[in-house]
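Hello,

I am passing on a structure that you have not worked with before. Please open it and keep it beside this message while you read.

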Amino acid sequence: MLKKYFRLVFVLLMTACSVQPQTPTPAPTPSATPFVVPTHVPTIAPTVPVVPPTPTPIPFALRIPAALVGTDTSLYVRAVPDTLSAIDRLVNRDAVWETVGRTADLQWLQVAFADNSTGWIANFNADMLDSLPVTGESQIRPEVVLVAVDAEPLYAENGTDVQARLGILTPLLADGRSTDNDWLHLVDSAGQTGWMLTSSLSELATLDSLSVMAFNPGTDAQNSVVDAPADNVIPDTANTASEATVNGVVQTAAGGLRLRQTPNVDGRVLLNLPANTRLTAQGRTVDNAWLLIEIVEGYSGWVSAQYIDLDVELAAIPPIEDPQPVEYIVPPTPEGGIAAVTSGVGGGAAAVVQGGQALGNRPNIFTTIGDSLTDSSYFLRPIAYGFDLGGYGYLLSTINYFNVDTGQGPAFGRRPISTRAGWSTFSVLETHADLNGICQPGELPIECEYRLTQPAFSIVLIGTNDAPAFPPEQYRANMQRIVQISLDRGVLPLLSTLAPRPEINDRVVAYNQVIFELGRTYGVPVIDLYSALIGLPNQGLEPDGIHLSIPPGAPAATMIFTEDNLRYGTTVRNLTALQALAQVSGLGG
């Protein structure tokens, strides 16, 4: 029965399927329709509004010549975001600042420094800092040039009169050129116009964009003697001028006048004479172009006669048919002036230098080991742009001796591998990935620097970043290793005591005691920077209590040794460092 039942069900199912077959309907054949190019494509409104992307600013390098940003190691700081604005100061690219504003085109950043001052720097790394408020209006003038020589004359439109002497790094707008391209027509930020030698300017990318303007330079302009500083030699002053014999003065507009060893534009520069310097004219060249003069302070040399106001007729000055170079003299440190407290300069130090020369070290090369107090646009680097030693003229021979190309860059302008802002003694004694390719695998920064530059001397000031965290015993161990590596390579380390630190001065004093002990143990010099700074206003420190104070007009002012500038830590550091180099090299007074 059960089999019959299932058979009946199967038959009924099959019958049902046959009653309503699912026959597929064939698809219709499409008819050929001619293609018509539409005359209008309708715009379909999106359901979500489309926000246009923020336009990418033109790359900075295409807006402002890169050279107007600053140097390889420093940035130009201006009061306003304008390439024609005066450069107030230079700051190290690794300096610490707070970014507080920007221009709308993102080409300038307003920054605040530790001393609460603010300024504008070019946005050199092209960061898109949209979150910052717009605090200034950008002014970009590609034809801006910078004065490359201090006290450079700006000649009036007539080509004869000197209407101003402009300092180094003064920005000017170039709007014309002479037919021979030797002269540029310039406009300063106040609208004053005039002409200046093209060779005394820097940063102009091309002259082709400038219009040719008629210019006929007068005799003074044609014989302009202001040029880039050459090697410096201290002149002979066998007979010091007295007030009774003074018969001339440096013109007010001629501050920074070069005192040269010989009466020509190639003569080595001895001093930069300030405006209104009183002098005695002792002789002249037969063409009346140069005067042999002697200043009251005891220096003599040759100057261009056109920049001297005489109390007597020029014809009354004896002519010199065969002018000779002035000779050398070492003047003493001025009474009441600063003298570096350098101990340990003796036979042992000399033996180190002599042994280093046998290893290939060069006697007129020095380097540095340090942190932000040394890795700074204020430490010795301004020498590359000019200086005024004032009463410390005996240091001229030291500058001349060490002012050479190290093979890794100019001695006073380069950034040594062994000096970096933020470093501690540990940093000097460990390898760094960013030095790969410069240093050999496993080579320490101090070893790398010594190998590449082969110096005779190394100024060592480091510990600023150690002092808050490490006991004197650890600092001693690291410094001892730095000294030993130096001596093993024939390099004489000039150890420097640390600057005062009010909040941790007990630790600083303990660190300095370590430095003195190492100096005595190894017979190496010690520069007592601490003692030189402790009597200065705020102990020679910035308001942050860490970095050395900076005089108005820095960085140039840090190498102008006036009484006012020597009230600041950076200027005193430069002076004492040069004095120490003078002592260890045998060039000191």
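This is a predicted model: local features need pLDDT of at least 70, side-chain atom pairs count only at pLDDT 80 or more; totals for chains, interfaces and linings use all residues.

The whole chain

The chain has 589 residues, and 48% of them count as buried. Its secondary structure comprises eleven helices and 27 strands. Among contacts with a separation of 6 or more, 68% are between residues 24 or more positions apart. The exposed surface comes to about 27,800 Å², of which carbon and sulfur atoms supply 55%.

Helix α7

The helix to look at is α7, residues 445-453. Seven of its nine residues are buried, so α7 is largely enclosed by the rest of the structure. The buried ones are Pro445, Ile446, Glu447, Cys448, Glu449, Tyr450 and Thr453. Two glutamates are therefore on that list, Glu447 and Glu449, and each of them falls under the 20% relative accessible area that counts as buried.

Helix α8 covers residues 472-488, and its axis lies 11 Å from that of α7. The two helices pack at an angle of about 25°, which makes α7 roughly parallel to α8, since angles under 35 degrees count that way. Their crossing is right-handed.

Which residues meet where α7 and α8 touch? From α7 they are Ile446, Glu447 and Tyr450; from α8 they are Ile482, Ile485 and Ser486. By class, this contact has four nonpolar residues, one polar and one charged.

Proline 217

A separate item is proline 217, in the loop that runs between β14 (211-212) and α3 (219-222). Is this proline buried, partly exposed or exposed? Its relative accessible area is 21%, so it is partly exposed; buried would require a value under 20%. Methionine 196 is 21 residues away along the chain, and the C-alpha atoms of methionine 196 and proline 217 are separated by 10.0 Å.

Regards

Key. Residues are numbered from 1 along each chain as its sequence is written. Side-chain values use heavy atoms; hydrogens and water are left out. Helices (H or I, at least four residues) and strands (E, at least two) are DSSP runs, numbered from the N terminus. Buried means under 20% relative accessible area, exposed over 50%, partly exposed in between (1.4 Å probe, protein chains only). Axes are lines fitted to C-alpha atoms, for helices over the stretch in contact, and angles run from 0 to 180 degrees between N-to-C directions. Angles under 35 degrees count as roughly parallel, over 145 as roughly antiparallel, 65 to 115 as roughly perpendicular and the rest as oblique. A crossing is left-handed if the near helix is turned anticlockwise from the far one by less than a right angle, and right-handed if clockwise. Contact means heavy atoms within 4.5 Å. Ala, Val, Leu, Ile, Met, Phe, Trp, Tyr, Cys and Pro count as nonpolar, Asp, Glu, Lys and Arg as charged, and the others, Gly among them, as polar. Accessible areas come from the Shrake-Rupley method with a 1.4 Å probe; for residues, only the protein chains shown count as cover.
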